[in-house]
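Let me put the sequence and the model up, and then I'll talk you through it.

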Amino acid sequence: MKSTAAPVDLTVAAWPGITPRLLGAGAEDGAAYAAAGGYRPLTDAPALLEQTELSGLSGRGGAAFPLATKLRSVADNGRRRATAPVVVANGEEGEPASVKDRWLLRNRPHLVLDGLRLAARVVGADRGYVYVSDPRAAAAVESALAEAPADSFDGLRVTPAIVDPGYVAGEETAAVRMLNGGPAKPTDKPPRPFEQGVDGRPTLVSNVETLANLVYVHRHGAEAFRSLGTPMSPGTFLATVTGAGRPPALYELPYGIAFTDLLAHHGVPAESVRGVLMGGYFAGLLNTDVLDATLDHESIRRLGSGLGCGAISILTDDCPVAVAAAVMDYFDRENAGQCGSCFNGTAAMAAVTGALRDGVATDEDLARLERWSVVLRGRGACGTLDGATNIAASLLRHFPQVVARHLDNSCETCRPGPFRAQRPYEVEAVTES
């Protein structure tokens, strides 16, 4: 089976003309980080919460949920129940097409830990975890904890928690379940972690990139944070860019840049693009309408998709039908196997998309796929089934002509051999070039 794992080298760079907020040069040294203003004392936690709200900082793990709302909910529940909350830096990057969290944890662990201790102060937590599956990331966090100034964490006890990698392992209830001694699989909601999480306490589960951005808000304030980006999508984000026959790259981008500008910067001619797999595997496929979009939440949502974790896989020579089939196969293998609607639904949709790729699907198969893409949405304990329905719906909506060619087995792109990959557009390496 064809491998689409990224080559050894990864380009890491900030967008031209901006001072990077998250990316840095080489591995981070604790003494140098502190000397440059890291682990700055937090004298007014309510003021930081207010600045976070004004900044518009949203989650970078996929859902883009406002961080201030999460912080306030956890803090309020802790006070209501008279118990100290728990904070979790979620670095379990289960999305194969993304590399940002591994890069941050390996190269800027102090920045992540700084954000974790700030969040802990805001919500009143006394325990924190860095939840990871990457051994090198875990080792970097261990080293950073050992070399951080002794008074950095204000009594917060921080522990790395190592979990086996998996697509569903990074879901917030899966993280809580693992930290409570169970398997890293999602649970039904409610309760949500902010209500009842680790050891039954209110728990903040926040992506490591989100927490790294909190440090910028603390140092510079909401107005400076909003100096880049758009009014509805302020700040910068980390984008993992793969596909198009190019080496992978991790870019720090200001929200709002034109997608075609990113293509040019990455060395991909716009006229060669037939679509993208946007936001990792979850948000679905887009056709060439994306060439008129800007990279911000509001623009991508108008196309019926989402930026998700910032993973952008560019399709040039790959057939969208074959890509959809490969992603659906992945969902079929990687679902938690505990919800019948997801276990059976991903298998059924994988069978149809595989048949379509191979030119043996029927009109009745497509009708079933279209129906499943609607009726299966929202079922199950996590978003895996939603990701699968997004793939199915977006393929049928955005690539009807390609689908039609596969119905009569006339796709020229797939004739020499269709795209097949266990983990499409996977980025294995995080070595900078």
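Predicted model: local features only at pLDDT ≥ 70, side-chain atom pairs only at ≥ 80, totals over all residues.

Residues are numbered from 1 along each chain as its sequence is written, and side-chain values use heavy atoms, with hydrogens and water left out.

Domains, then. The assignment gives us domain 1, residues 27-45 + 56-221, and domain 2, residues 319-406; those bounds come from an automatic or database domain assignment. Their C-alpha centres are 33 Å apart. Twelve residues of domain 1 and eight residues of domain 2 make the contact, where contact means heavy atoms within 4.5 Å. Together the two domains bury about 790 Å², with 57% of that on carbon and sulfur atoms. Buried area here is the accessible area, with a 1.4 Å probe, that two parts lose on being put together, summed over both. Who does the work on the domain 1 side? Tyr 167, Val 168 and Pro 186 supply 57% of the area domain 1 buries against domain 2, more than any other three residues.

And the polar side of that interface? The rule finds zero salt bridges across it, a salt bridge being a side-chain nitrogen of Lys or Arg within 4 Å of a carboxyl oxygen of Asp or Glu. It does find five residue pairs in polar contact, both residues at pLDDT 80 or more. That's a pair of N or O atoms within 3.5 Å; within protein, one must be able to donate a hydrogen and the other to accept it, and residues adjacent in sequence count only if both atoms are side-chain atoms.

Now look at Thr 384, in helix α15, residues 384-398. Helices (H or I, at least four residues) and strands (E, at least two) are DSSP runs, numbered from the N terminus. Thr 384 is buried, at 3% relative accessible area. Buried means under 20%, exposed over 50%, and partly exposed in between, with a 1.4 Å probe and protein chains only. Not counting residues up to four places away in sequence, Thr 384 touches Tyr 167, Val 168, Phe 331, Asn 335 and Cys 342. Cys 342 is 42 residues away along the chain, yet the two C-alpha atoms are separated by 7.4 Å.

Ser 58 sits in the loop between α2 and α3, and it's buried too, at 10%. Beyond four places in sequence, its contacts include Thr 210 and His 297.

Next, helix α10, residues 259-266: its buried residues are Phe 259, Leu 262, Leu 263 and His 266. Down the axis of α10 they fall within an arc of 100°, so they line one face of the helix; the arc is that of the directions from the helix axis to the C-beta atoms. Their cover includes β6, β7, β8 and β10.

Asn 409 isn't a glycine but has a positive phi of about 60°, and it's partly exposed at 48%. Tyr 425 also has a positive phi, near 60°, but Tyr 425 is buried, at 4%.
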